[in-house]
Amino acid sequence: MFDEIMEKFEGSPSQQAVIRLLLERGFSVNDDGRVVSGGIEIPNTGIAREIDVDRRVVDSTTNAILDDPELRRIFQNISQVPSLMDLAPVLNLTVLSIAVDNAEQKGIVAQVTGTLADNDISIRQTISEDPEFTDEPRLYLITDQDISGTAITELRDLEFVRKIELQ
């Protein structure tokens with residue numbers, strides 16, 4: 001789906017940057033063509049500054065979104081999910097990041113969460129990046145416990161795991 005969305009803007013890398021930001025942040029576009037998070041409007045100048053494009057690029061991108069029925073449906077229904085990842089250091093939480101060889105393989109989340117449960121590690125939050133929307137999707141697990149070496153070894157030994165990082 002991500003590639004299909006980006007193809008609609010293939011002639012404009014600047015508009016692709018706007019689309020990427022909207023998807024990454026979970027920002028939606030309202031009927032007036034304004035970028036919003038929930039009911040809060042985000043100024044186009046702020047978006048433009050964030051990705052180093054002209055404000056008019058944001059305007060033209062949101063207009064293109066509203067003019068395309070498929071894009072309109074996507075961007076009027078996308079939303080953010082609050083993440084504990086950035087709060088982890090403040091709240092003394094552990095963030096486990098797992099990169100896999102094939103993110104579309106079945107059972108990844110089940111095997112990882114099962115391995116943690118088998119090691120008596122409770123999970124506060126799980127965030128799985130969609131392989132359709134990002135080039136290198138990761139699975140993030142936030143826990144309020146330290147992850148033992150045994151658990152890390154068991155996770156590393158799962159056939160699909162390419163890389164593990166702890167924060």
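Predicted model: local features only at pLDDT ≥ 70, side-chain atom pairs only at ≥ 80, totals over all residues.
Residues are numbered from 1 along each chain as its sequence is written. Local features need pLDDT of at least 70 and side-chain atom pairs count only at pLDDT 80 or more, while totals for chains, interfaces and linings use all residues; side-chain values use heavy atoms, without hydrogens and water.

**Domains**

Start by colouring 1–76 as domain 1 and 85–166 as domain 2. These bounds come from an automatic or database domain assignment. Taken over C-alpha atoms, the two domain centres are 30 Å apart.

**Cores**

Next select I19, L22, V35, V58, I65 and F75. These residues have the most contacts inside the largest nonpolar core, which has 23 residues. A nonpolar core is a set of buried Ala, Val, Leu, Ile, Met, Phe, Trp, Tyr and Cys residues joined through side-chain atoms within 4.5 Å, where buried means under 20% relative accessible area with a 1.4 Å probe, protein chains only. Show α1 (2–7), α2 (13–25), α3 (44–51), α4 (55–67) and α5 (69–75): each gives two or more residues to this core. The largest share, five residues, is from α2. Helices here are DSSP runs of H or I of at least four residues and strands are E runs of at least two, numbered from the N terminus.

Now centre on V35. Beyond its neighbours within four places in sequence, V35 is in contact (heavy atoms within 4.5 Å) with L22, F27, S28, I40, E41, I42, N44, I47, V58 and T62. Another core, of 15 residues, lies apart from the largest one; select L116, L141, L155 and F160, which are among its members.

**Pockets**

A pocket is an open set of points on a 1 Å grid over the protein atoms alone where a 1.4 Å probe fits, with protein on both sides within 12 Å along at least five of seven lines; lining residues have an atom within 4 Å of a point.

Select L23, E24, R25, I127 and E129, which lie nearest the centre of the largest pocket among its 24 lining residues. Its volume is about 870 Å³, counted as the space filled by probe spheres set on the points. Both domain 1 and domain 2 contribute to the lining, so this pocket lies between them. The largest share of the lining, four residues, comes from α2.

Finally, go to the second largest pocket, of about 150 Å³. Its lining includes I98, V109, S128 and R138. Two or more lining residues come from each of β4 (94–100), α7 (108–118) and β6 (138–143).

Notes: Buried < 20%, exposed > 50% of the residue type's maximum accessible area, 1.4 Å probe, protein only.
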